[in-house]
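The entries follow in the order in which I made them.

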Amino acid sequence: MLNLNEITAFPQEVIEKIGFYVYRLLDPRNGETFYVGKGKGNRVFNHAKLVKEALLAEESSKSEDEVPETSEDLKFEMINRILKAGLEPIIIIHRHGMDEATAFHVEDALMDAYPSLANKVAGHGNSEIGTMHVKDLIDKYKVEEADFGDDKVILININASFAEEKSVYDAVRFAWRINVSKAQQADYILAVSKGVIRGVFIAREWKPATKANFPEYDKDVENRYGFIGTDAPAEIQQKYLGKRIPDSYRKKGAMAPVKYNYQ
């Protein structure tokens, strides 16, 4: 916590360490935050300049309630009122050590948290990602549920293998404990991660999971199978890709790891 009279600038070695920061100005009369700002270097101490201007203006002011002509925003008015009470604003460095993009987000979040601020403008883009009721947030981002219709699909949960492979295709095609004769009836293979369909493929051929059949994996997996296939046509991709699977397929154990939508 800084007093505006005590410190007027950061030492250079401090500036080099703290990066972008977000700060708050507090009214010492009630402890309330009246301004949130983002800065780098000695940006926060520009308010000290405002204080000095306010002091000079106070001396030449004709009216007790007159606001200096140099003041065009509520922040300056608030600082001026605090000075008239014989006090000084308090500066809090709320977060530091950030890049500019992160500082913008922190600044936005604090602006949302203190709706009565003297800031001239709202935060950057906070109408899109700012304060929302949880229902509004769910409505905004909850993806459409997939409708399988008459398609025969196999849903394969790739949560465990997704991060290990270079592509969704590599993650979904090897190697599963599966009923091959039943799998051959499927129209499409749906790669599912965290309940969302990440890839849609057509299996051209199912083979035992061996190095001979899948040399790129360089291992044999007993009693498991993989498939060789292709991406589904564009219209099928559009039908399924990015959509969430129905809740009935997300029950505990239902996606561990292969599920059919047909008998």
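**Rings and charges**

I began with a cluster in which ring pairs link Phe10, Tyr21, Tyr23 and Tyr35. I noted that this is a predicted model, where local features need pLDDT of at least 70 and side-chain atom pairs count only at pLDDT 80 or more, while totals for chains, interfaces and linings use all residues. Residues are numbered from 1 along each chain as its sequence is written, and side-chain values use heavy atoms, with hydrogens and water left out.

I searched the whole structure and found 13 aromatic pairs (rings of Phe, Tyr and Trp, the last by its six-membered ring, with centres within 6.5 Å; planes under 30 degrees apart are stacked, over 60 edge-to-face, the rest tilted). Tyr23 and Tyr35 form a tilted pair, with 6.3 Å from centre to centre and 40° between the planes. This pair links distant parts of the chain, since Tyr23 lies in strand S2 (residues 20–26) and Tyr35, twelve residues apart from it, in strand S3 (residues 33–39). Strands (E, at least two residues) and helices (H or I, at least four) are DSSP runs, numbered from the N terminus. Both Tyr23 and Tyr35 are buried (under 20% relative accessible area; exposed is over 50%, partly exposed in between, with a 1.4 Å probe and protein chains only).

I then looked up a charge over a ring (NZ of Lys or CZ of Arg within 6 Å of the ring centre and within 35 degrees of the ring normal). The charged end of Lys38 sits over the ring of Phe104, 4.6 Å from its centre.
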